[in-house]
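Here's a quick walk through one model, strand by strand and helix by helix. Have a look at the sequence and the 3D view first.

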Amino acid sequence: MSDALLTVEDLCVDYVTERGWLRVVDKVSFEVQPGEIMGLAGESGSGKSTIIQAILRVLKAPGVITGGTVRFDGKDVLALDKRGLRGLRWCDISLVCQSAMNALNPVITIGEQLGDAIEAHEGVRRSQALVRARELLELVGIEGSRVHAYAHELSGGMRQRVVIAMALALRPRLVLMDEPTTALDVVVQKEILQQIIRLRRELGFAVIFITHDLSLMFELCTHVGVLYAGRLVEHAPSQALFERPMHPYTLGLMRSFPDLHGEGDDLVGVPGNPPDLWKPPKGCRFHPRCPQAFADCSTRAPQLRALVGHRHAACHLVDQVDQLDQLDQLDQVDQEESP
Ligand SMILES: Nc1ncnc2c1ncn2[C@@H]1O[C@H](COP(=O)(O)OP(=O)(O)OP(=O)(O)O)[C@@H](O)[C@H]1O
């Protein structure tokens, strides 16, 4: 446990609105180990982006971190001052988001932009920074000579690769990726994601990865956390989760993805809509949509509980399962990391 690169414990985030404080992330806890790729899954509005932004302390107003702790390599991230945060961002943890490729400066070359970041943080000479900029471009599959190109001279896929190169420039140990390739076509998306996996193997950084594409998530991630209405309802090695989801919401989410099932399976998905966070249901937030809900579910909130096989789930049904039964079934699960 203490070896974790990132530990998020009981994280709470509220948005301060005219109506009052809206709790959108509610006591979320998880760990990311060095080199792990953790996917965050959940319907739109479940809190995925808010968690990522809170981890890096880039949450924009009116978002406020109202509770919990975030520790990176032993550092208390929520206690860092401006200087500490400057050291954390890009050097320890970097962020790639969907719209990042529009953030490239249109009037200076790609090489200068990469060089600026390297020079500022590593204190190396300009010429050395430019050599590193070339190397970084090559690392993400772009010819080094493109250091002289401007953003508008590159395709969308290449611009996103440049953004990934920037995110890797200072050799961070954790890269946060919020739908990093959603704006790109499927083939380019796959290419870039495969490259991220290769780079992760070579450079050893960990990733937290958000995508709405569950099949992609299971393909790429070593671990997956499932969020529902601001709470983490399941967290497990991705192969175990894929083979045997423990939470009815995870199962429903997976059933809404054709790629995750063989022919003939019913794509029933999850009936209904996520709750209004202003008045979430009592007990388990998922119970009004859960086909297996029983009396307890509407009165008591299930806690995220550690199960065998490095799995965690927050569900009264799982609590009812006999531990021996769990052992029998989960011992079969291949816990090898998927990618
Ligand atoms: N500025 C804001 N003011 C009030 N509520 C907000 C604000 N930004 C986000 N929210 C709410 O916070 C909740 C979590 O949003 P968030 O963007 O983190 O979810 P998400 O899971 O990343 O969604 P998506 O998959 O659509 O990106 C949502 O209910 C959203 O409506």
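Let's start with a pair: E1 and strand E4 (residues 63–72) run antiparallel, joined by eight bridges. Within that pairing, Cys12 sits opposite Gly67 in E4. Helices (H or I, at least four residues) and strands (E, at least two) are DSSP runs, numbered from the N terminus, and two strands pair if DSSP finds at least two bridges between them.

Zooming out, the order E2-E1-E4-E5 makes an open sheet of four strands with antiparallel pairing. E2 and strand E5 (75–76) are its edge strands, each pairing on one side only.

One note on the ground rules: this is a predicted model, where local features need pLDDT of at least 70 and side-chain atom pairs count only at pLDDT 80 or more, while totals for chains, interfaces and linings use all residues. Residues are numbered from 1 along each chain as its sequence is written.

## Around the ligand

Which residues come nearest to the ligand? Of the 14 around it, they are Tyr15, Val24, Ser44, Ser49 and Thr50. Being near here means having a C-beta atom, placed from the backbone, within 6 Å of the molecule. Strand E1 (6–17), strand E2 (20–32) and helix H1 (48–55) are the elements that give two or more residues to this shell.

H1 has the largest share, three residues. By type, the shell splits into five nonpolar, eight polar and one charged; Ala, Val, Leu, Ile, Met, Phe, Trp, Tyr, Cys and Pro count as nonpolar, Asp, Glu, Lys and Arg as charged, and the others, Gly among them, as polar.

Buried means 20 or more other C-beta atoms within 10 Å of a residue's own, exposed means 12 or fewer, and partly exposed is in between, with C-beta atoms placed from the backbone.

E10 pairs antiparallel with strand E9 (residues 223–228) over six bridges, and Tyr228 has Arg231 as its bridge partner in E10. The hairpin of E9 and E10 has two residues between the strands, and Ala229 takes a positive phi near 50° there. E10 also pairs antiparallel with strand E12 (residues 311–313), over two bridges, with His235 opposite His312.

## Helix H6

In H6, the buried residues are Leu193, Ile196 and Arg200. The face turned away from that buried side carries the exposed residues Val187, Arg201 and Glu202. Just after H6, Gly204 takes a positive phi of about 80°.
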